[in-house]
Amino acid sequence: MQGQLNASNVDILNRIRKSASLEYKDRVPVATQANLARTARTIRDYPVVWNEFIDILVNRIGLMLFNAYQFNNPLAPFKSGMSWGSIAMEVGNNLIEAENYDQLDTNPWTATPADVVANYYVRNRADVYGVQTNEALIAEAAENEGQLSGLVNMMFNAPNQSAAWDEYKIMLNSLAEYENGSGFYNINAPDLATSTSKEADGKTLVERIRSMYLRMNGFYSRKFNAEKCDSMASNMMLLIDSTVASAVDVNVLSAAFNLPFAEFVGRQVVIDEWPDELKGTQAILADGEFFRVYDILNKSASIYNPKTDATYTYLHVRGIYATSKQRNAVRFSTDADTEGAATVGRTVKSVTVATDPAGGVSKLKPGLVVQLVPTVTYSDNATDANAYFIVTAGTAAQAAAGKLPVILPDTGTYVDRFGVLHVSENSDYETIVVTAVATHDPTKSGNITLGTAS
């Protein structure tokens, strides 16, 4: 195992002797199984030799273990690296809203400043982990084969194990803080911990995860992050707990992500359990840079205290631990859907279309520009503007006879994506009828007539 000292007492004593001074080598023979106890007592009986022995054991071998050993924090691959200060900055920008091209507008100074979003994360961890080297135990362990490496591993691995475990818990807790603060976008999912039909419920969960993965991966959205800024998810990770991991075949999950099994395993993280604030969570699907975790300091040092005749070694860990307010993330849990619960089964009730300003247009002129405002009303009385337009136009007689032909955009008369009607400079239309058709139900529509028939 990385960071473990796997050596016999004889090997350790000889390794120390090899790195020691000439005086040490003159007094201490090469260790063998036959002279192990006598060699250990020789080292202990001479204070100068003993001090050098402890110095090499602690400051070379021990600190090597101290710095090398790491608990396998499954969230560590998603850390953001090093920060050379106590503040980390995250900057993003929203997309630019297009304007209608106007060849007569020659003013170059009308562009608006970029819509920049900035978040700052400050140092919120400054921990120290200390261990006292018990020299009496070291002396005893040196005389007993196999004991010395075990004692050294126990003393010097403990601080790093503790620090890495705390890091894992802090990163998990940052998810809870996100939920308590901004709140994850939530998708309702069955609880596999209490499910009596794990296969069916597991399939439902995978389908919902796959649906959101396909919706988020490579597409901009403002729905799934705390800042409500334009953000596109990439290199997404999936966090699941041990219960879900045991109930859902990882091959099924990798297929849901359209990834080879080996590649997907690197993006799936299995945790032991969710924090209390996230009870009921089945999975979290997030951008690969959702965690904003920066190491500021990871340093160890030791000092001898002559008053206690002991060596004290300390590990300092400082860092920034947070989750991004700009990166997209979705939680799958037993909680209600963030949106859509009220829209399940609703239907389009009516569609209307008006002009802004209200009042319509009584006379059509070539080059006329009119802002249209569609209103789609649903069965739950909610409204939106989710409609597309069809333009028909012609003479007053055609309008009276109900035989207005459909006008194609390439004629110069069209409705743009902002809902603005543009009438061609070459138009001789007397009447234009604009039909707004509900996107969710093309059988529902509403009209507005502009011109002589209005």
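Which residues are buried in α7? In this predicted model, the buried positions of α7 are Gly202, Leu205, Val206, Ile209, Met212, Tyr213 and Met216. These residues cover an arc of only 130 degrees around the axis, which places them on the same side of α7. An α-helix has 3.6 residues a turn, so residues three or four places apart point the same way. The dimensions of the element were also examined: helix α7 comprises 19 residues, 198–216, and at 1.5 Å a residue it should span 27 Å, a value with which the 26 Å between its end C-alpha atoms agrees. After α7 comes Gly218, whose phi is positive, near 85 degrees.

Ala233 and Phe219 are 14 residues apart in sequence, while their C-alpha atoms are 7.0 Å apart in space. Ala233 counts as buried because its relative accessibility is 1%, the cut-off for this class being under 20%.

One of the contributors, Val122, lies in strand β3 and, at 48% relative accessibility, counts as partly exposed.

Charged side chains were considered next. Side chains of opposite charge can pair when their charged atoms come close. The count for the model comes to 13 salt bridges, among them one between Arg27 and Glu23, in which the closest N and O atoms are 4.0 Å apart. Both Arg27 and Glu23 belong to helix α2 (residues 22–27), where they are four residues apart, about one turn of the helix. Arg27 counts as partly exposed at 39% relative accessibility, and Glu23 likewise counts as partly exposed, at 42%.

A further salt bridge joins the side chains of Asp272 and Lys169, with an N to O distance of 3.4 Å. This pair links distant parts of the chain, 103 residues apart, since Asp272 is in the loop between β9 (268–271) and β10 (281–286) and Lys169 is in helix α6 (residues 147–181). Asp272 is partly exposed, with a relative accessible area of 35%, and Lys169 also counts as partly exposed, at 31% relative accessibility.

In the salt bridge between Asp335 and Arg331, the closest N and O atoms are 2.9 Å apart. The two partners fall into separate accessibility classes: Asp335 counts as partly exposed at 34% relative accessibility, whereas Arg331 is buried, with a relative accessible area of 2%. Finally, Glu90, Glu289, Arg292 and Arg327 are linked to one another in a network of salt bridges.

Definitions and conventions. Residues numbered from 1 in each chain as written. Predicted model: local features only at pLDDT ≥ 70, side-chain atom pairs only at ≥ 80, totals over all residues. Heavy atoms only, no water. Helix = DSSP H or I, 4+ residues; strand = E, 2+ residues; numbered from the N terminus. Expected span 1.5 Å × (residues − 1). Buried < 20%, exposed > 50% of the residue type's maximum accessible area, 1.4 Å probe, protein only. Arc of directions from axis to C-beta.
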